[in-house]
Amino acid sequence: MASASKRKVDYFHDPDVGAYTYGIGHPMKPHRIQVAHELITAYDMLDKMQVLRAKRASAEQMTRFHTDEYVHFLNRVTPETAEELTYHGTRFLVGEDNPAFEGLFEFCSISAGGSIGAAQRIAAGSSDIAVNWAGGLHHAKKREASGFCYINDIVLGILELLRTYPRVLYIDIDCHHGDGVEEAFYTTDRVMTCSFHKFGEYFPGTGTQEDRGRGKGKGYAVNIPLKDGITDESYQSVFEPVISKILEVYRPSAVVLQCGADSLSGDKLGCFNLTMYGHSHCVQFLRQQNVPLILLGGGGYTVKNVGRTWAYETACALGIENEIDTNLPWNPYFEWFGPRYRLEVAGNNMDDLNVKDGSLDRVRINALEQLRELNP
Ligand code: ZL4
Ligand code: CA
Ligand code: ZN
């Protein structure tokens, strides 16, 4: 299939998802998914793909990864009962990153339902690329919430893919380490995980290059620790060779790409310097490989830039990014996008600490060395 040729794209969207709120002041805003959706709509992309509202994930589906006890807790906790049911914030939900907000379980059902649905459509051969911007919540653990994530939709989606496919590749371009997904598949060679993330005095603190998997999974966890200020050019100089090598040696039957948008320049919590084009290049690169692909959301805390980037990446999935007018079309949030009203996330002049001390070259060499050892 030529890279310009069309792909069947499934787009999962639940019109209710944007209404959930983590609470005043909390950086995670589900509303950004609605903003992305309005741009996708305004750019007339909806009639170019199959638009699906996923069946919400049931508690039972969630227990394919999470413990019964934890899912049962999420299914009954309310803002009023949280203090008691978390044993005063010592179990299930710890600290202010993961509040027990109104509608929490439904929100998790939408996020997980979309990723499971995406996996089912891909595995059935009904679509080539499936998109769920409400997914990508990579920190959630088997029996605990972490880093704004409660139910690990990614793990649930990958488990669904493993019913059909022998090998799945998971790639994570969120600024944070994809620890929950790595941990879930740390001892198996049926899933390779590869996370690019800021490392060093940064949440969640895991993801060194020495963490490579265990037992049968040894060598099948790949970590790319990065420093502040990485540019498009630097990012690509490690993403392309590492992912190309993985595709060559691992030959995954499907790829799940977590498109966390906190790796963009100007993100409220992130510290990288990627433009919309640098971020989207990862999507374009994987689309070119002609392997069944799932695109998920994740972090992203400067809402307008998240909306812009996920809309553009939806265009990339469709292969119509070159036809996109970078002057934004009218949409319900148009006024927010001033003063330029453009589909762009520009870089800034911060230092790229990855090139200053040659650490990026070392990280790339180490990763390629790890991958070379896989296939003797
Ligand atoms: C906030 O203002 O580094 C939560 C979280 C809530 C509102 C009111 C409470 C104020 C920033 C963050 C006190 C909040 C204290 N409110 C939060 C070690 C920490 C303990 C908790 O993109 N405090 C924990 C998690 C990270 C920590 C990042 C990224 C998710 C993803 C995928 C998760 N946690 C220090 C912080 C605020 C808040 C303001 C916050 N939390 C920033 N970084 C964290 O990878 C979706
Ligand atoms: Ca990451
Ligand atoms: Zn993040």
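Trainee: Are D172 and F196 buried or exposed?
Mentor: This is a predicted model. Residues count as buried under 20% relative accessible area. D172 and F196 fall in that class, so the word for both is buried.

Trainee: Which atoms coordinate the calcium ion (ligand 2)?
Mentor: The donors sit at 2.5 to 3.0 Å from the calcium ion (ligand 2). D172 gives both O and OD.

Trainee: Which parts of the chain does the pair D172 and F196 tie together?
Mentor: The two residues are 24 apart in sequence. D172 lies in residues 168-172 and F196 in residues 191-198, so the pair ties together strands β4 and β5.

Trainee: What is the spacing of the donors of the calcium ion (ligand 2) along the chain?
Mentor: Read the donors of the calcium ion (ligand 2) along the chain. The spacing is D-x1-D-x1-H-x18-S-F.

Trainee: Is the site of the calcium ion (ligand 2) octahedral or irregular?
Mentor: The site has six donor atoms, with angles of 69 to 167° among them. Six count as octahedral if opposite donors are over 155 degrees apart and all others between 65 and 115. The site of the calcium ion (ligand 2) is classed as irregular.

Trainee: How many aromatic pairs are there, by ring centres within 6.5 Å?
Mentor: A pair of aromatic rings is described by the distance of the centres and the angle of the planes. Here the cut-off on centres is 6.5 Å. By that rule the count is 18.

Trainee: Why is the pair of Y70 and F92 classed as it is?
Mentor: The ring centres of Y70 and F92 are 6.0 Å apart. Planes under 30 degrees apart count as stacked. The planes of Y70 and F92 stand at 25°, so this pair is stacked.

Trainee: What about F101 and Y150: stacked or edge-to-face?
Mentor: The ring centres of F101 and Y150 lie 5.9 Å apart. Both residues are buried. Their planes are at 85°, so the pair is edge-to-face.

Trainee: Which residues do ring pairs link into a cluster with F101 and Y150?
Mentor: Ring pairs build a cluster that holds F101 and Y150.

Trainee: Which strands pair with β8 over four bridges?
Mentor: β3 runs parallel to β8, with I129 opposite L293. β7 also pairs with β8 in the parallel sense, and Q258 stands opposite L296. Four bridges join β8 to β3, and four to β7.

Trainee: Which helix joins β7 and β8 in a right-handed β-α-β unit?
Mentor: β7 covers residues 254-258, and β8 covers residues 293-296. The helix of their unit spans residues 276-288 and is α9.

Technical notes:
Residues are numbered from 1 along each chain as its sequence is written. Chains are lettered from A and ligands numbered from 1 in the order in which they are written. This is a predicted model: local features need pLDDT of at least 70, side-chain atom pairs count only at pLDDT 80 or more; totals for chains, interfaces and linings use all residues. Side-chain values use heavy atoms; hydrogens and water are left out. Rings of Phe, Tyr and Trp (its six-membered ring) pair if their centres lie within 6.5 Å; planes under 30 degrees apart count as stacked, over 60 as edge-to-face and the rest as tilted. Buried means under 20% relative accessible area, exposed over 50%, partly exposed in between (1.4 Å probe, protein chains only). Two strands pair if DSSP finds at least two bridges between them. A crossover is right-handed if, with the strands pointing away from the viewer, the path from the first strand over the helix to the second runs clockwise. Donors are N, O and S atoms within 2.8 Å of the metal (3.2 Å for Na, K and Ca); water is not among the atoms, so sites may look incomplete. Four donors count as tetrahedral if all angles lie between 85 and 135 degrees; four count as square planar and six as octahedral if opposite donors are over 155 degrees apart and all others between 65 and 115; anything else is irregular.
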